[in-house]
Amino acid sequence: LVLVLSWGSMGLEAATAVGLSDFCSSPDTYILNLTQEETGLSSDILSYYFLCNQAVSNPFQQRLTLSQRALANIHSQLQGLEREAVPQFPSAQKPLLSLEETLNVTEGNFHQLVALLHCRGLHKDYGAALRGLCEDALEGLLFLLLFSLLSAGALATALCSLPRAWALFPP
């Protein structure tokens, strides 16, 4: 039973290694199609993040530019309001400073969002995951297959030599 299980696990490991090596030959198309099917995202967004081609612009660039302009406009409006309103209404200074502080935090968060929406970080993680799966996992499976073969061979040798060795022991 142990010998059959050992040979069976070796076959399973070999099948997994072959399937993984087939996946690793061209994973981008498969992953793009599967992700698009599961999430419903458009192909230009997925291509931008998975392939990270510098010739293709960020699909969110127009919205990001409009948002950046809106934040700059709000900032200039707030400064103009401070110049005009504070001399006439000194009690408005504290709420306006609070608004300016909130706007500064929002601008900082916006710049972090712009950095996160760039494809470099995600593509770097994607490449590292594929390398880990396709190189390290495949190497581990091949070593597991080798040692399963060695252990199955050792067990088969022990099982075949055990009856002869048993006969040599005195009763």
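Modeller: Start with Cys 52, which sits in the loop between H3 and H4. Helices here are DSSP runs of H or I with at least four residues, strands are E runs of at least two, and both are numbered from the N terminus.

Colleague: Before that, what kind of model is it, and which cut-offs apply?

Modeller: It is a predicted model: local features need pLDDT of at least 70, side-chain atom pairs count only at pLDDT 80 or more, and totals for chains, interfaces and linings use all residues. Residues are numbered from 1 along each chain as its sequence is written, and side-chain values use heavy atoms, with hydrogens and water left out.

Colleague: OK. Is Cys 52 buried or exposed?

Modeller: Cys 52 counts as buried, at 11% relative accessibility. Buried means under 20% relative accessible area, exposed means over 50%, and partly exposed is in between, with a 1.4 Å probe and protein chains only.

Colleague: What about the phi of Cys 52?

Modeller: Cys 52 has a positive phi of about 50 degrees, although it is not a glycine. Most residues other than glycine have a negative phi.

Colleague: Which residue does Cys 52 form a disulfide with?

Modeller: Cys 119, with the sulfur atoms 2.1 Å apart. A disulfide here is a pair of cysteine sulfur atoms within 2.5 Å. Cys 52 is in the loop between helix H3 (43-51) and helix H4 (61-88) and Cys 119 is in helix H6, so the bond ties together parts that are 67 residues apart in sequence. Cys 119 is buried as well.

Colleague: Left-handed or right-handed?

Modeller: The Cys 52 and Cys 119 link is right-handed, with 60 degrees about the S-S bond.

Colleague: How many disulfides in the whole structure?

Modeller: The search finds 2. Cys 24 is joined to Cys 134, S to S 2.0 Å. Cys 24 belongs to helix H1 (residues 2-25) and Cys 134 to helix H6 (residues 119-168), so this pair connects parts 110 residues apart in sequence. The torsion about the S-S bond of Cys 24 and Cys 134 is about -90 degrees, so that disulfide is left-handed. Cys 24 and Cys 134 are both buried.

Colleague: And the pattern of the disulfides along the chain, what is it?

Modeller: 1-4, 2-3, counting bonded cysteines along the chain.

Colleague: Different topic. Where does UniProt list a transmembrane region?

Modeller: The unreviewed entry gives residues 141-166. UniProt positions are in the numbering used here, feature names are shortened, and annotations may be inferred rather than shown by experiment. In the model, residues 141-166 are 100% helix and 0% strand, with the end C-alpha atoms 36 Å apart.

Colleague: Last one: is Cys 160 buried or exposed?

Modeller: Cys 160 is exposed, at 59% relative accessible area.
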